[in-house]
Every structure is written in C-alpha cells, then in structure tokens.
Amino acid sequence: MWKVVVVALLALAAVGCGTSRYAMASWQYVQTERTAQGLQPLEWDAALAGPAQARAQEIAELGALDHSGAQTASTIFYGDRPYICEILGKQPTWTQDYAIGYGWIASPTHRECALGTNYRRAAIGVAVGEDGWIYEVMWLTP
C-alpha cells in the first residue's frame, strides 16, 4: 500500500509546484475518510491525471464550477471516455490547503461519490483561475 501512496504523491507533485499541495491535501483528506469508513483507499490513475488536469484548466478558465457534458447526474463523459463520477471544487488561495477535500466530504452528494464503494481509481487536476481561486477536479472510476 505504501508504494501506491508514494506513487500517487509523486504524481500529484507533478501537477505543479504552486498547486500540487492543494491536490495532495484533497487526495489525503478523501483517502483518510475512506479509511475511516473501512473502505479501500483509491489508487492513483495516471491515465486520468492528464485529462483531469485539462478539465481543471477548463473550469479555471470559465471561472465557474460547471459539469457541462454530463450525460446523467452521476456519469460524466470527457471526449469519448466515460468517467463515472466527477467532483469539482474551488477555494481562494488564502484558505487551508485541505478546504476542497473537506468540502467534498461535508457535502452529501460529493461524499457519496468520493466514498463510493464501486470506485477504485481516481485522479485530481488543479488549476488557478484568473480570479486567483484554486479549481480542483477529482475523477473517480471503477
């Protein structure tokens, strides 16, 4: 398990020096809550990481949280690949690093996604908008 955690942290560090701490904090917050609930930790999905990062950049450029492209409330399609769950979040840079992860767990809808027992793999993308806010995307898939 430690090997998976180290690989995930190294992958998150590659997101970018200024924003990776937010992604790491959210990732760890979700993982801690999954463990507390007796669930298996998520595995970092390198194939999702690039598209999740691109999606974070898109919403940062919009300056808004938008699930455009949603086929249903629980299935998001990005290009031709379905992602079972998409969680979005935004926070000002002056708040705690873990604020988005905390918000995901505190929100019943986001919590259901983050703690879903059918999700095994995930990735987080982070970008800074022109408004100076941090935008995060977490994609989860079986």
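Me: Is strand E6 (residues 133–141) largely enclosed or open, and why?
Reply: First, the terms. Buried means under 20% relative accessible area, exposed means over 50%, and partly exposed lies in between (1.4 Å probe, protein chains only). Helices (H or I, at least four residues) and strands (E, at least two) are DSSP runs, numbered from the N terminus. Now the case. In strand E6, 8 of the 9 residues are buried, so the strand is largely enclosed by the rest of the structure.

Me: What kind of model is this, and how are residues numbered?
Reply: This is a predicted model, in which local features need pLDDT of at least 70, side-chain atom pairs count only at pLDDT 80 or more, and totals for chains, interfaces and linings use all residues. Residues are numbered from 1 along each chain as its sequence is written, and side-chain values use heavy atoms, with hydrogens and water left out.

Me: Which elements have the lowest and the highest mean pLDDT?
Reply: pLDDT is the predictor's confidence in each residue, from 0 to 100. The protein chain averages 74, and 66% of the residues score at least 70. Helix H1 (residues 2–13) has the lowest mean among the elements, 42. Strand E1 (residues 43–44) has the highest, 94. One is residues 1–18, with 19 contacts beyond four places in sequence. Another is residues 69–74, with 7 such contacts. Contact means heavy atoms within 4.5 Å.

Me: How many helices and strands are there?
Reply: The protein chain has 5 helices and 6 strands. Along the sequence the pattern reads α-α-β-α-β-β-β-α-α-β-β. Buried residues make up 42% of the 142 residues. Take the contacts with a separation of 6 or more: residues 24 or more positions apart account for 65% of them.

Me: How many bridges join strand E5 to E6?
Reply: Two strands pair if DSSP finds at least two bridges between them. Strand E5 (residues 121–128) is joined to E6 by 8 bridges, and the two run antiparallel. For one partner, look at Ala122, which is bridged to Leu140 in E6. The hairpin of E5 and E6 has 4 residues between the strands, and Gly132 takes a positive phi near 85° there.

Me: Which residues touch the most other members of the largest nonpolar core?
Reply: A nonpolar core is a set of buried Ala, Val, Leu, Ile, Met, Phe, Trp, Tyr and Cys residues joined through side-chain atoms within 4.5 Å. The largest one has 32 residues, and Trp27, Val30, Leu42, Ile124, Met138 and Leu140 touch the most other members. H2, helix H3 (46–62), helix H4 (99–106), helix H5 (108–114), E5 and E6 each supply at least two residues of this core.

Me: Which residues does Ser26 touch?
Reply: Ser26 lies in helix H2 (residues 20–36). Its relative accessible area is 0%, so Ser26 is buried. Leaving out residues up to four places away in sequence, Ser26 touches Ile100, Gly101, Trp104, Ile124 and Glu136.

Me: Which residues of H4 are buried?
Reply: Ile100, Gly101, Trp104 and Ile105 are buried in H4. Seen down the helix axis, the buried residues of H4 fall within an arc of 135°, so they line one face. The arc is that of the directions from the helix axis to the C-beta atoms.

Me: How many salt bridges are there?
Reply: A salt bridge is a side-chain nitrogen of Lys or Arg within 4 Å of a carboxyl oxygen of Asp or Glu. By this rule there are 4 salt bridges. In one of them, Arg111 pairs with Glu33, the closest N and O atoms being 2.9 Å apart. Arg111 lies in helix H5 and Glu33 in helix H2, so the pair ties together parts that are 78 residues apart in sequence. Arg111 is partly exposed at 26% relative accessible area, whereas Glu33 is buried at 18%.

Me: Which residues do shared partners join into one network?
Reply: Start with Asp45 and Arg121, whose closest N and O atoms are 3.1 Å apart in a salt bridge. Asp45 is in the loop between E1 and H3, and Arg121 is in strand E5, 76 residues apart. Glu43 also forms a salt bridge with Arg121, at 3.5 Å between the closest N and O atoms. Asp45 is buried at 3% relative accessibility. Salt bridges that share partners join Glu43, Asp45 and Arg121 into one network.
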